[in-house]
Amino acid sequence: MTETQKEHYFDWASTSPTDKEIVEEAFSRTLAAWGNPSSIHAAGKEAKALLDEARLRCAKVLSVPEETIYFTSGGTESDHIPLLSVLNKLGKGTVLFSSIEHPAVQEMASELKKCGWNAVAIPSNSEGIVTAQAVKNLLTADTAMVFVMAVNNETGAIQPIREIAAAITEFAGNKRRPKLHVDCVQAAGKIPLNLCDMGIDSAAFSAHKICGPRGIGILYMKDKTEPFLRGGGQEKGIRSGTENVYGALSFAKALEKHYITPSSKAFCRYELQKKLALDFCEKIAAIKGATLIPQIRLEKSENYSPWVVQASFKNIPGQVMLRALDSEGFYISTGSACSSRKNSRPILEAMHVTKEQSENAVRFSFGPSTTEKAMNELCDKVIEICSRFN
(Lines give C-alpha, C1' and ligand atoms only; values in the text may rest on other atoms or scores of the structure.)
Protein backbone atom coordinates (compact mmCIF):
# COMPACT_ATOMS: atom_id res chain seq x y z
CA MET A 1 0.00 0.00 0.00
CA THR A 2 1.39 3.40 -1.00
CA GLU A 3 1.66 6.34 1.41
CA THR A 4 -1.29 8.02 -0.34
CA GLN A 5 -3.38 4.87 0.08
CA LYS A 6 -2.45 4.68 3.75
CA GLU A 7 -3.49 8.32 4.13
CA HIS A 8 -6.88 7.48 2.61
CA TYR A 9 -7.48 4.44 4.81
CA PHE A 10 -10.68 5.01 6.76
CA ASP A 11 -11.39 1.51 8.09
CA TRP A 12 -9.51 1.66 11.38
CA ALA A 13 -12.41 0.07 13.27
CA SER A 14 -11.80 -3.12 11.28
CA THR A 15 -8.05 -3.08 11.80
CA SER A 16 -5.35 -0.46 12.16
CA PRO A 17 -2.14 -0.14 10.17
CA THR A 18 0.59 -1.89 12.14
CA ASP A 19 3.06 0.45 13.82
CA LYS A 20 6.53 -0.52 12.60
CA GLU A 21 8.21 0.70 15.78
CA ILE A 22 5.93 -1.45 17.95
CA VAL A 23 6.38 -4.73 16.09
CA GLU A 24 10.07 -4.37 15.27
CA GLU A 25 11.00 -3.76 18.89
CA ALA A 26 9.00 -6.78 20.07
CA PHE A 27 10.32 -8.93 17.22
CA SER A 28 13.96 -8.16 17.91
CA ARG A 29 13.59 -8.93 21.61
CA THR A 30 11.79 -12.23 21.04
CA LEU A 31 14.32 -13.28 18.41
CA ALA A 32 16.90 -13.19 21.19
CA ALA A 33 14.60 -14.82 23.77
CA TRP A 34 13.03 -17.59 21.71
CA GLY A 35 12.42 -20.20 24.42
CA ASN A 36 9.09 -21.53 25.65
CA PRO A 37 8.03 -19.43 28.68
CA SER A 38 6.85 -22.59 30.43
CA SER A 39 10.25 -24.30 30.19
CA ILE A 40 12.36 -24.18 33.34
CA HIS A 41 15.76 -24.00 31.64
CA ALA A 42 17.61 -20.74 30.95
CA ALA A 43 16.07 -20.18 27.50
CA GLY A 44 12.56 -20.62 28.93
CA LYS A 45 13.26 -18.35 31.87
CA GLU A 46 14.47 -15.63 29.52
CA ALA A 47 11.23 -15.80 27.53
CA LYS A 48 9.19 -15.93 30.75
CA ALA A 49 10.89 -12.74 31.94
CA LEU A 50 9.75 -10.94 28.77
CA LEU A 51 6.20 -12.23 29.22
CA ASP A 52 6.14 -11.09 32.84
CA GLU A 53 7.49 -7.70 31.77
CA ALA A 54 4.75 -7.34 29.14
CA ARG A 55 2.04 -8.26 31.66
CA LEU A 56 3.36 -5.74 34.17
CA ARG A 57 3.53 -2.98 31.56
CA CYS A 58 -0.03 -3.67 30.37
CA ALA A 59 -1.31 -3.68 33.95
CA LYS A 60 0.45 -0.40 34.66
CA VAL A 61 -1.17 1.31 31.66
CA LEU A 62 -4.59 -0.10 32.50
CA SER A 63 -4.11 0.77 36.21
CA VAL A 64 -5.09 -2.71 37.37
CA PRO A 65 -3.28 -5.42 39.39
CA GLU A 66 -0.81 -7.47 37.34
CA GLU A 67 -2.54 -10.73 38.27
CA THR A 68 -5.79 -9.61 36.57
CA ILE A 69 -4.20 -9.54 33.08
CA TYR A 70 -4.39 -12.61 30.84
CA PHE A 71 -3.06 -12.78 27.29
CA THR A 72 -5.35 -14.34 24.68
CA SER A 73 -5.54 -14.66 20.89
CA GLY A 74 -7.73 -11.56 20.53
CA GLY A 75 -10.98 -9.84 21.39
CA THR A 76 -13.23 -12.78 20.51
CA GLU A 77 -11.49 -15.18 22.86
CA SER A 78 -11.38 -12.54 25.57
CA ASP A 79 -15.16 -12.20 25.22
CA HIS A 80 -15.72 -15.96 25.30
CA ILE A 81 -13.57 -17.04 28.26
CA PRO A 82 -15.58 -15.24 31.00
CA LEU A 83 -18.84 -16.44 29.52
CA LEU A 84 -17.75 -20.07 29.22
CA SER A 85 -16.36 -19.96 32.75
CA VAL A 86 -19.69 -18.77 34.16
CA LEU A 87 -21.59 -21.40 32.18
CA ASN A 88 -19.22 -24.07 33.45
CA LYS A 89 -19.74 -22.96 37.05
CA LEU A 90 -23.50 -22.39 37.10
CA GLY A 91 -24.78 -24.76 34.42
CA LYS A 92 -27.95 -22.80 33.72
CA GLY A 93 -29.56 -19.41 34.12
CA THR A 94 -29.98 -16.14 32.26
CA VAL A 95 -27.37 -14.13 30.36
CA LEU A 96 -28.15 -10.61 29.15
CA PHE A 97 -26.54 -9.33 25.95
CA SER A 98 -26.91 -5.84 24.60
CA SER A 99 -28.60 -5.91 21.20
CA ILE A 100 -25.72 -3.93 19.68
CA GLU A 101 -22.87 -6.31 20.53
CA HIS A 102 -20.13 -7.38 18.12
CA PRO A 103 -20.73 -10.72 16.31
CA ALA A 104 -18.22 -12.31 18.72
CA VAL A 105 -20.90 -11.96 21.38
CA GLN A 106 -24.07 -11.98 19.27
CA GLU A 107 -23.27 -15.37 17.76
CA MET A 108 -22.53 -16.83 21.19
CA ALA A 109 -26.00 -15.77 22.34
CA SER A 110 -27.52 -18.03 19.70
CA GLU A 111 -25.36 -20.93 20.81
CA LEU A 112 -26.32 -20.40 24.45
CA LYS A 113 -29.99 -20.85 23.60
CA LYS A 114 -29.17 -24.21 22.01
CA CYS A 115 -27.52 -25.22 25.29
CA GLY A 116 -30.62 -24.40 27.32
CA TRP A 117 -29.58 -21.02 28.66
CA ASN A 118 -31.95 -18.08 28.63
CA ALA A 119 -30.11 -15.57 26.42
CA VAL A 120 -31.94 -12.23 26.46
CA ALA A 121 -31.20 -9.21 24.26
CA ILE A 122 -31.13 -5.85 26.03
CA PRO A 123 -32.83 -3.33 23.71
CA SER A 124 -31.03 -0.31 22.36
CA ASN A 125 -32.72 3.04 21.91
CA SER A 126 -32.73 4.87 18.57
CA GLU A 127 -29.50 6.65 19.55
CA GLY A 128 -27.63 3.34 19.72
CA ILE A 129 -27.44 3.48 23.51
CA VAL A 130 -28.29 0.68 25.95
CA THR A 131 -29.43 2.49 29.08
CA ALA A 132 -28.98 1.39 32.67
CA GLN A 133 -32.77 1.26 33.00
CA ALA A 134 -33.02 -1.09 30.02
CA VAL A 135 -30.59 -3.45 31.76
CA LYS A 136 -32.35 -3.12 35.10
CA ASN A 137 -35.70 -3.98 33.52
CA LEU A 138 -34.37 -7.40 32.47
CA LEU A 139 -32.37 -8.43 35.53
CA THR A 140 -33.73 -11.52 37.27
CA ALA A 141 -32.71 -13.63 40.23
CA ASP A 142 -31.01 -16.17 37.94
CA THR A 143 -29.09 -13.62 35.82
CA ALA A 144 -25.50 -14.85 35.75
CA MET A 145 -23.86 -12.34 33.46
CA VAL A 146 -24.45 -9.09 31.60
CA PHE A 147 -22.62 -8.19 28.36
CA VAL A 148 -22.49 -4.55 27.26
CA MET A 149 -19.74 -3.20 25.01
CA ALA A 150 -18.01 0.08 25.89
CA VAL A 151 -18.08 1.60 22.38
CA ASN A 152 -20.15 0.29 19.51
CA ASN A 153 -18.07 -0.77 16.52
CA GLU A 154 -20.52 0.54 13.90
CA THR A 155 -21.99 3.76 15.29
CA GLY A 156 -19.33 4.73 17.82
CA ALA A 157 -22.01 5.03 20.52
CA ILE A 158 -20.39 5.17 23.99
CA GLN A 159 -22.35 3.05 26.43
CA PRO A 160 -23.05 4.18 30.04
CA ILE A 161 -21.02 1.40 31.65
CA ARG A 162 -20.69 3.02 35.08
CA GLU A 163 -24.45 3.55 35.33
CA ILE A 164 -25.11 -0.01 34.18
CA ALA A 165 -22.66 -1.40 36.74
CA ALA A 166 -24.35 0.65 39.47
CA ALA A 167 -27.78 -0.64 38.41
CA ILE A 168 -26.56 -4.24 38.60
CA THR A 169 -25.07 -3.68 42.06
CA GLU A 170 -28.26 -2.01 43.30
CA PHE A 171 -30.39 -4.87 41.96
CA ALA A 172 -28.23 -7.54 43.60
CA GLY A 173 -28.27 -5.92 47.05
CA ASN A 174 -26.67 -8.38 49.47
CA LYS A 175 -27.17 -11.34 47.12
CA ARG A 176 -24.91 -12.70 44.39
CA ARG A 177 -24.15 -9.96 41.88
CA PRO A 178 -24.36 -10.84 38.16
CA LYS A 179 -20.98 -10.45 36.45
CA LEU A 180 -20.56 -7.52 34.07
CA HIS A 181 -18.36 -8.14 31.02
CA VAL A 182 -17.41 -5.25 28.76
CA ASP A 183 -15.97 -5.50 25.26
CA CYS A 184 -13.43 -2.65 25.24
CA VAL A 185 -11.99 -3.42 21.79
CA GLN A 186 -13.26 -0.14 20.27
CA ALA A 187 -12.68 1.84 23.47
CA ALA A 188 -9.02 1.22 24.30
CA GLY A 189 -6.91 3.86 22.62
CA LYS A 190 -10.07 5.61 21.40
CA ILE A 191 -11.67 7.20 24.48
CA PRO A 192 -10.50 7.80 28.07
CA LEU A 193 -10.87 4.53 29.96
CA ASN A 194 -10.46 3.63 33.62
CA LEU A 195 -11.28 0.00 34.34
CA CYS A 196 -11.20 0.41 38.12
CA ASP A 197 -13.69 3.27 37.94
CA MET A 198 -16.17 1.45 35.69
CA GLY A 199 -17.41 -1.24 38.08
CA ILE A 200 -16.82 -4.08 35.64
CA ASP A 201 -15.77 -7.67 36.35
CA SER A 202 -14.05 -8.52 33.06
CA ALA A 203 -13.09 -6.80 29.83
CA ALA A 204 -11.77 -7.69 26.37
CA PHE A 205 -9.05 -5.90 24.38
CA SER A 206 -7.43 -6.45 20.99
CA ALA A 207 -4.01 -5.18 19.87
CA HIS A 208 -4.69 -4.83 16.17
CA LYS A 209 -7.19 -2.03 16.79
CA ILE A 210 -4.43 0.19 18.21
CA CYS A 211 -1.57 -0.40 15.76
CA GLY A 212 -0.39 -3.70 17.26
CA PRO A 213 -0.24 -7.06 15.48
CA ARG A 214 -3.18 -9.41 14.88
CA GLY A 215 -3.59 -12.51 17.02
CA ILE A 216 -3.02 -11.05 20.48
CA GLY A 217 -5.61 -9.89 22.98
CA ILE A 218 -5.99 -9.17 26.67
CA LEU A 219 -8.62 -10.41 29.06
CA TYR A 220 -8.96 -8.40 32.25
CA MET A 221 -10.62 -10.38 35.03
CA LYS A 222 -11.06 -8.76 38.43
CA ASP A 223 -11.56 -12.14 40.09
CA LYS A 224 -10.08 -15.45 39.02
CA THR A 225 -12.53 -18.09 37.84
CA GLU A 226 -12.53 -21.74 36.85
CA PRO A 227 -11.83 -22.16 33.14
CA PHE A 228 -14.13 -24.12 30.85
CA LEU A 229 -11.36 -24.98 28.38
CA ARG A 230 -8.34 -26.73 29.88
CA GLY A 231 -4.92 -27.71 28.70
CA GLY A 232 -1.35 -27.07 29.74
CA GLY A 233 -2.33 -24.56 32.41
CA GLN A 234 -0.67 -21.45 30.96
CA GLU A 235 -1.94 -18.01 31.96
CA LYS A 236 -2.67 -19.32 35.46
CA GLY A 237 -4.93 -21.97 33.95
CA ILE A 238 -7.35 -19.44 32.46
CA ARG A 239 -6.03 -19.66 28.90
CA SER A 240 -3.93 -22.72 28.07
CA GLY A 241 -1.58 -22.76 25.09
CA THR A 242 2.01 -21.67 24.56
CA GLU A 243 2.16 -17.94 25.20
CA ASN A 244 2.66 -15.41 22.40
CA VAL A 245 5.57 -13.45 23.89
CA TYR A 246 6.05 -11.35 20.76
CA GLY A 247 2.37 -10.41 20.77
CA ALA A 248 2.36 -9.61 24.49
CA LEU A 249 5.35 -7.27 24.16
CA SER A 250 3.76 -5.63 21.12
CA PHE A 251 0.49 -5.09 22.98
CA ALA A 252 2.31 -3.54 25.94
CA LYS A 253 4.01 -1.05 23.61
CA ALA A 254 0.77 -0.31 21.76
CA LEU A 255 -1.04 0.45 25.02
CA GLU A 256 1.78 2.66 26.24
CA LYS A 257 1.67 4.60 23.01
CA HIS A 258 -2.07 4.88 22.37
CA TYR A 259 -4.05 4.32 25.60
CA ILE A 260 -5.97 7.47 26.53
CA THR A 261 -6.08 8.92 30.01
CA PRO A 262 -6.16 12.63 30.93
CA SER A 263 -2.40 12.49 31.60
CA SER A 264 -1.38 10.39 28.56
CA LYS A 265 0.38 11.64 25.44
CA ALA A 266 -2.52 10.30 23.35
CA PHE A 267 -5.01 12.62 25.07
CA CYS A 268 -4.12 15.67 22.93
CA ARG A 269 -4.72 13.68 19.73
CA TYR A 270 -8.04 12.53 21.14
CA GLU A 271 -9.11 16.11 21.84
CA LEU A 272 -8.17 17.10 18.28
CA GLN A 273 -10.10 14.15 16.86
CA LYS A 274 -13.28 15.29 18.62
CA LYS A 275 -13.10 18.54 16.67
CA LEU A 276 -12.23 16.80 13.38
CA ALA A 277 -15.07 14.30 13.81
CA LEU A 278 -17.60 17.05 14.54
CA ASP A 279 -16.51 18.98 11.44
CA PHE A 280 -16.67 15.79 9.38
CA CYS A 281 -20.18 14.97 10.63
CA GLU A 282 -21.40 18.47 9.82
CA LYS A 283 -20.08 18.22 6.27
CA ILE A 284 -21.58 14.77 5.74
CA ALA A 285 -24.95 15.85 7.17
CA ALA A 286 -25.02 18.80 4.75
CA ILE A 287 -24.85 16.50 1.69
CA LYS A 288 -28.17 16.14 -0.11
CA GLY A 289 -29.69 12.76 0.70
CA ALA A 290 -27.20 12.01 3.52
CA THR A 291 -28.27 10.93 7.01
CA LEU A 292 -26.01 10.43 10.00
CA ILE A 293 -26.76 7.27 11.99
CA PRO A 294 -28.02 8.10 14.48
CA GLN A 295 -29.33 11.47 13.35
CA ILE A 296 -29.01 12.86 16.89
CA ARG A 297 -25.22 12.58 16.73
CA LEU A 298 -24.56 16.24 15.95
CA GLU A 299 -26.57 17.32 18.99
CA LYS A 300 -25.00 14.76 21.33
CA SER A 301 -21.49 14.35 19.95
CA GLU A 302 -20.11 13.70 23.44
CA ASN A 303 -21.97 10.36 23.45
CA TYR A 304 -20.05 9.06 20.43
CA SER A 305 -16.48 8.02 19.74
CA PRO A 306 -14.81 10.58 17.47
CA TRP A 307 -13.09 7.75 15.63
CA VAL A 308 -16.24 6.11 14.15
CA VAL A 309 -18.96 7.73 12.04
CA GLN A 310 -21.84 5.95 10.31
CA ALA A 311 -23.95 7.54 7.59
CA SER A 312 -26.47 6.53 4.95
CA PHE A 313 -26.79 8.02 1.47
CA LYS A 314 -30.10 8.03 -0.39
CA ASN A 315 -30.18 5.97 -3.61
CA ILE A 316 -26.67 4.60 -2.97
CA PRO A 317 -26.43 1.09 -1.45
CA GLY A 318 -23.58 0.78 1.02
CA GLN A 319 -21.68 -1.67 -1.15
CA VAL A 320 -21.93 0.72 -4.09
CA MET A 321 -20.50 3.60 -2.06
CA LEU A 322 -17.74 1.33 -0.76
CA ARG A 323 -16.75 0.21 -4.27
CA ALA A 324 -16.98 3.72 -5.70
CA LEU A 325 -14.62 5.03 -3.04
CA ASP A 326 -12.37 1.99 -3.35
CA SER A 327 -11.93 2.65 -7.07
CA GLU A 328 -10.72 6.15 -6.15
CA GLY A 329 -8.27 4.86 -3.53
CA PHE A 330 -10.40 5.56 -0.44
CA TYR A 331 -11.04 2.65 1.93
CA ILE A 332 -14.14 2.39 4.14
CA SER A 333 -16.52 -0.39 5.19
CA THR A 334 -20.21 -1.08 5.57
CA GLY A 335 -19.79 -2.22 9.17
CA SER A 336 -18.01 -4.90 11.14
CA ALA A 337 -15.46 -6.82 9.05
CA CYS A 338 -16.75 -9.98 10.74
CA SER A 339 -20.18 -9.35 9.16
CA SER A 340 -19.03 -7.95 5.80
CA ARG A 341 -20.28 -11.00 3.89
CA LYS A 342 -23.73 -10.92 5.50
CA ASN A 343 -26.68 -8.89 4.29
CA SER A 344 -28.23 -8.25 7.70
CA ARG A 345 -27.32 -5.28 9.92
CA PRO A 346 -28.43 -6.40 13.41
CA ILE A 347 -27.02 -3.32 15.17
CA LEU A 348 -28.98 -0.95 12.93
CA GLU A 349 -32.05 -3.16 13.23
CA ALA A 350 -31.78 -2.91 17.02
CA MET A 351 -31.79 0.89 16.64
CA HIS A 352 -34.91 0.68 14.44
CA VAL A 353 -33.13 2.25 11.48
CA THR A 354 -35.23 1.92 8.33
CA LYS A 355 -34.42 -0.89 5.93
CA GLU A 356 -33.40 1.55 3.18
CA GLN A 357 -31.05 3.45 5.45
CA SER A 358 -29.55 0.20 6.73
CA GLU A 359 -28.87 -1.01 3.20
CA ASN A 360 -27.29 2.34 2.30
CA ALA A 361 -25.24 2.73 5.48
CA VAL A 362 -21.43 2.88 5.49
CA ARG A 363 -18.88 3.33 8.24
CA PHE A 364 -15.99 5.79 8.24
CA SER A 365 -13.40 5.12 10.93
CA PHE A 366 -10.21 6.95 11.75
CA GLY A 367 -6.98 6.60 13.70
CA PRO A 368 -4.16 8.64 15.25
CA SER A 369 -2.38 9.14 11.93
CA THR A 370 -5.52 10.26 10.06
CA THR A 371 -5.10 13.88 9.01
CA GLU A 372 -7.63 16.69 8.69
CA LYS A 373 -6.56 17.02 5.05
CA ALA A 374 -7.35 13.35 4.38
CA MET A 375 -10.76 13.64 6.05
CA ASN A 376 -11.58 16.69 3.92
CA GLU A 377 -10.54 14.80 0.79
CA LEU A 378 -12.82 11.94 1.81
CA CYS A 379 -15.73 14.37 2.21
CA ASP A 380 -15.06 15.87 -1.21
CA LYS A 381 -15.01 12.43 -2.80
CA VAL A 382 -18.25 11.39 -1.08
CA ILE A 383 -19.91 14.60 -2.30
CA GLU A 384 -18.72 13.87 -5.82
CA ILE A 385 -20.10 10.31 -5.74
CA CYS A 386 -23.44 11.48 -4.30
CA SER A 387 -23.81 13.97 -7.11
CA ARG A 388 -23.90 11.11 -9.61
CA PHE A 389 -26.91 9.52 -7.92
CA ASN A 390 -29.00 12.48 -6.72
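Over which ring does the charged end of Lys236 sit? The ring is that of Tyr70, and the charged end of Lys236 is 4.4 Å from its centre. A charge counts as sitting over a ring if NZ of Lys or CZ of Arg is within 6 Å of the ring centre and within 35 degrees of the ring normal.

## Basis of the report

The model is predicted: local features need pLDDT of at least 70, side-chain atom pairs count only at pLDDT 80 or more, and totals for chains, interfaces and linings use all residues. Residues are numbered from 1 along each chain as its sequence is written, and side-chain values use heavy atoms, with hydrogens and water left out.

Strands of a sheet pair through backbone hydrogen bonds, either parallel or antiparallel. Here three strands form an open sheet in the order E8-E9-E10, with antiparallel pairing. Strand E8 (290-292) and strand E10 (361-365) are the edge strands, each pairing on one side only. On average, neighbouring strands of this sheet are turned by 30° against each other, direction ignored; axes are lines fitted to C-alpha atoms, for helices over the stretch in contact, and angles run from 0 to 180 degrees between N-to-C directions.

Helices (H or I, at least four residues) and strands (E, at least two) are DSSP runs, numbered from the N terminus. Two strands pair if DSSP finds at least two bridges between them. Three bridges join E8 to strand E9 (residues 308-313). Leu292 stands opposite Ala311 in E9.

## Aromatic pairs

The whole structure holds nine aromatic pairs. Rings of Phe, Tyr and Trp (its six-membered ring) pair if their centres lie within 6.5 Å; planes under 30 degrees apart count as stacked, over 60 as edge-to-face and the rest as tilted. The ring centres of Phe280 and Phe366 are 5.3 Å apart and the planes are at 75°, so this pair is edge-to-face. Phe280 lies in helix H9 (residues 266-285) and Phe366 in the loop between E10 and helix H13 (372-389), so the pair ties together parts 86 residues apart in sequence. Both Phe280 and Phe366 are buried (under 20% relative accessible area; exposed is over 50%, partly exposed in between; 1.4 Å probe, protein chains only).

Ring pairs link Phe10, Phe280, Phe313, Phe330, Phe364 and Phe366 into a cluster. Both Phe313 and Phe364 are buried.

## Leu325

Leu325 is found in helix H10 (residues 318-327). Leu325 counts as buried because its relative accessibility is 0%. Not counting residues up to four places away in sequence, Leu325 touches Phe330, Ile332, Phe364, Leu378, Lys381, Val382 and Ile385, where contact means heavy atoms within 4.5 Å.
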